[in-house]
Amino acid sequence: MCLFCKIINKEIPSNIVAENDDFLAFHDINPKAPVHILAIPKIHVDSFHDVDASIMSGMTEFIKEIAVKMGIDNTGYRVITNIGDDGGQEVKHLHFHILGGAKLKWGHFSDSNPKDNF
Ligand code: 5GP
Ligand code: ZN
């Protein structure tokens, strides 16, 4: 079972922001912005490239709900999904990074210093 499926099953603890029958949102363990949430479908899908449009419609609404809940809907935010090795996907369970809480830079993401991202 993949890491995020274990988080869904509560076998691995996470800091949950929102949950419903189909989706889960939790804080990224290594935040790259003041707000950094991961939104995932509860069904295992490897990546965005493998997801059905029917799941994406609910996911879109869920992501917007998270932005409102985190108070970043008015100030703006960024949604990223990494796909495969060249996309930099480390966890092979579809997830959307929701980043905000500061004016984000465009063009790179620093792994070493989160402050370099905004
Ligand atoms: P990717 O590089 O696959 O797009 O992003 C994976 C994300 O998952 C990374 O931002 C990483 O910090 C986060 N992550 C990895 N392991 C865990 C974990 O056990 N718990 C949480 N909350 N986030 C994790
Ligand atoms: Zn999974």
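Ligand 1 sits in the largest pocket, a pocket being an open set of points on a 1 Å grid over the protein atoms alone, with protein on both sides within 12 Å along at least five of seven lines; a molecule sits in one if more than half of its atoms lie within 2 Å of its grid points. The model is predicted, with pLDDT of at least 70 needed for local features and 80 or more for side-chain atom pairs, while totals for chains, interfaces and linings use all residues. Side-chain values use heavy atoms, without hydrogens and water, and residues are numbered from 1 along each chain.

The shell around ligand 1 holds 16 residues, the closest being Asp-28, Asn-82, Glu-90, His-95 and His-97, where a residue is near if one of its heavy atoms lies within 4 Å. By class, 7 are nonpolar, 7 polar and 2 charged. Helix 1 supplies the largest share, 3 residues.

A polar backbone atom of Gly-88 lies 3.0 Å from a ligand 1 oxygen. The protein covers 86% of the 520 Å² of accessible area that ligand 1 has on its own (Shrake-Rupley method, 1.4 Å probe).

Thr-75 is exposed, at 67% relative accessible area (exposed means over 50%). The C-alpha atoms of Thr-75 and Asp-28 are separated by 20 Å.

Key: Chains are lettered from A and ligands numbered from 1 in the order in which they are written. A polar contact is a pair of N or O atoms within 3.5 Å; within protein, one must be able to donate a hydrogen and the other to accept it, and residues adjacent in sequence count only if both atoms are side-chain atoms. On a 1 Å grid over the protein atoms alone, a cavity is a set of points where a 1.4 Å probe fits but cannot get out, and a pocket is an open set with protein on both sides within 12 Å along at least five of seven lines; lining residues have an atom within 4 Å of a point. Helices (H or I, at least four residues) and strands (E, at least two) are DSSP runs, numbered from the N terminus. Ala, Val, Leu, Ile, Met, Phe, Trp, Tyr, Cys and Pro count as nonpolar, Asp, Glu, Lys and Arg as charged, and the others, Gly among them, as polar. Buried means under 20% relative accessible area, exposed over 50%, partly exposed in between (1.4 Å probe, protein chains only).
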